Amino acid sequence: MGKIFFFAALALVVVSGFLFAPEHAALAIHPMDQFNVSPLFGDHIAWYTPTNVTLWMGLAIVAVFALLVLGSSRRAIVPSRAQSVAELAYGFIYKMVEDVAGKDGVKFFPYIMTLFMFIVMANFLGLIPGSFTTTSHIAVTAVLAALVFFTVTIVGFVKNGVGFLGLFWVSSAPLALRPILAIIELISYFVRPVSHSIRLAGNVMAGHAVLKVFAGFAAALGAFSFLPIFAITAVYALEVLVAFIQAYVFTILTCVYLKDALHPSH
Amino acid sequence: MASNTQEAAHGAADAAHGSAPGMPQLDFSTFGNQIFWLAVALVVIYLILSRVALPRIAAVLAERQGTITNDLAAAEDLKAKAVEAENAYNKALADARAEAQRIAAEARAEIQADLNDAIAKADAQITEKAAESEKAIAEIKAGALDSVKTVANDTAEALVAALGGKSDAKAIAAAVDERMKG
């Protein structure tokens, strides 16, 4: 009996698929359109124009405020759900900074928490269908990475003076190898912000683009759209994971760089 | 359908704008805008965190830690008190048990003494009564012997009289005495 219903339903789906299939089912997929920066009002973009970037960054601020300020507003000894998530986020990043960057890295905790909360909220907000993902843009992640890079470099020189250059001079290696290693270390140091920023934007952008491509398939395949829809479900789950993990990776790398600045000796 | 035409129009608009055809990420004309708003967002989040959220959460966590420490100390205290109370209870129990045993032993000794007294008294009474009885029995026995002699004398006198003899009381008594010795 169930089998008959199943096949009937399948036949119905196929027929309706043929009946209502898009007329030009040619692949009209624009996976990158979701990344367009567009002004909220008018059609000219100047540096101060409120755009969808403004909107979604604003929503990220609202989300951070809602979680960390409204969530903890009752200051309960026995926390509510929102408060325990806020405390969890606090403890997570605090412990990360303390463990990775050391005790003297703790005074950078608010900055690192700012980075983490912004990235994680932007990533999760970007997973809302139809939203705009600010962290998918190189311009955004490059600024974040550059902030970390310059902060770390300045802190390194202020804290250690010329001794910060010891970071590049691998004293445990044989003397003959040291200059070569120094060049490699120097290059890797300057490549850091590049990988730091592209890793985040690349992961987020790729995942969202893949979702859009599958969505395009779903629109084009008519009756068989359930296949890409399954795929979208799976990729979406993966993206939820990536949204958190990339924020985590960005933050922990920041802590690692900070540790290098505070304790440059190998 | 509608969305398709919209997208087509959108694409045309894009082309008209002359923006990057592939990746909006590489459209440098929007960089200034993004960087400006990013800076604003970061500053706002930083202010929210450093002014309100982080101190508050830190205070809550510290307060909770304090509460937990206090509660643990209080629990430790109460536990010590409980142990103390248990010891006191055990001691009281042991004392009471010893006291009870002492009282029981005392009572037992008293009863034993009473019992011994009573037994001794009873023994004495029994002995007395026994002696009395013996005396009575001896008296009775003596009385019986006398009676037997009298009865024997009387019977002998009667027999002699019946046989036609003349009874001589003296001779008969002597004869009865003789027989009774034998």
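Trainee: Which residue meets Asp260(A) in a salt bridge of 2.4 Å, N to O?

Mentor: This is a predicted model, so local features need pLDDT of at least 70 and side-chain atom pairs count only at pLDDT 80 or more, while totals for chains, interfaces and linings use all residues. Residues are numbered from 1 along each chain as its sequence is written, chains are lettered from A and ligands numbered from 1 in the order in which they are written, and side-chain values use heavy atoms, without hydrogens and water. A salt bridge has a side-chain nitrogen of Lys or Arg within 4 Å of a carboxyl oxygen of Asp or Glu. At 2.4 Å, N to O, the side chain of Asp260(A) meets that of Arg192(A).

Trainee: How many residues apart in sequence are the parts that Asp260(A) and Arg192(A) tie together?

Mentor: Helices (H or I, at least four residues) are DSSP runs numbered from the N terminus, as are strands (E, at least two). Asp260(A) lies in helix H7 (residues 226–262) of chain A and Arg192(A) in helix H6 (residues 178–220) of chain A, so the pair ties together parts whose separation in sequence is 68 residues.

Trainee: Which helix of chain B packs against the buried residues of H2(A)?

Mentor: Among the buried residues of H2(A) are Trp56(A), Met57(A), Ile61(A) and Leu68(A). In chain A, these buried residues pack against helix H3 (81–101), helix H4 (109–126) and helix H5 (138–160). From chain B, the packing partner is helix H2 (31–162).

Trainee: What area do chain B and chain A bury between them?

Mentor: The contact takes 37 residues from chain B and 51 residues from chain A. In chain B, Gln25(B), Gln34(B) and Arg56(B) lose the most area to chain A, together 16% of what that side buries. Buried area is the accessible area (1.4 Å probe) that two parts lose on being put together, summed over both. Of the area between the chains, 72% is on carbon and sulfur atoms, and the total is about 4,100 Å².

Trainee: Which residue of chain A meets Arg64(B) in a salt bridge?

Mentor: Between chain B and chain A the count is one salt bridge. Arg64(B) lies in helix H2 of chain B and is buried, with a relative accessible area of 15%. Arg64(B) touches several residues of chain A, including Ala76(A), Ile77(A) and Pro79(A). The salt bridge, at 2.7 Å from N to O, joins Arg64(B) to Glu87(A).

Key
Buried < 20%, exposed > 50% of the residue type's maximum accessible area, 1.4 Å probe, protein only. Contact = heavy atoms within 4.5 Å. Lists of a residue's contacts leave out its neighbours within four places in sequence.
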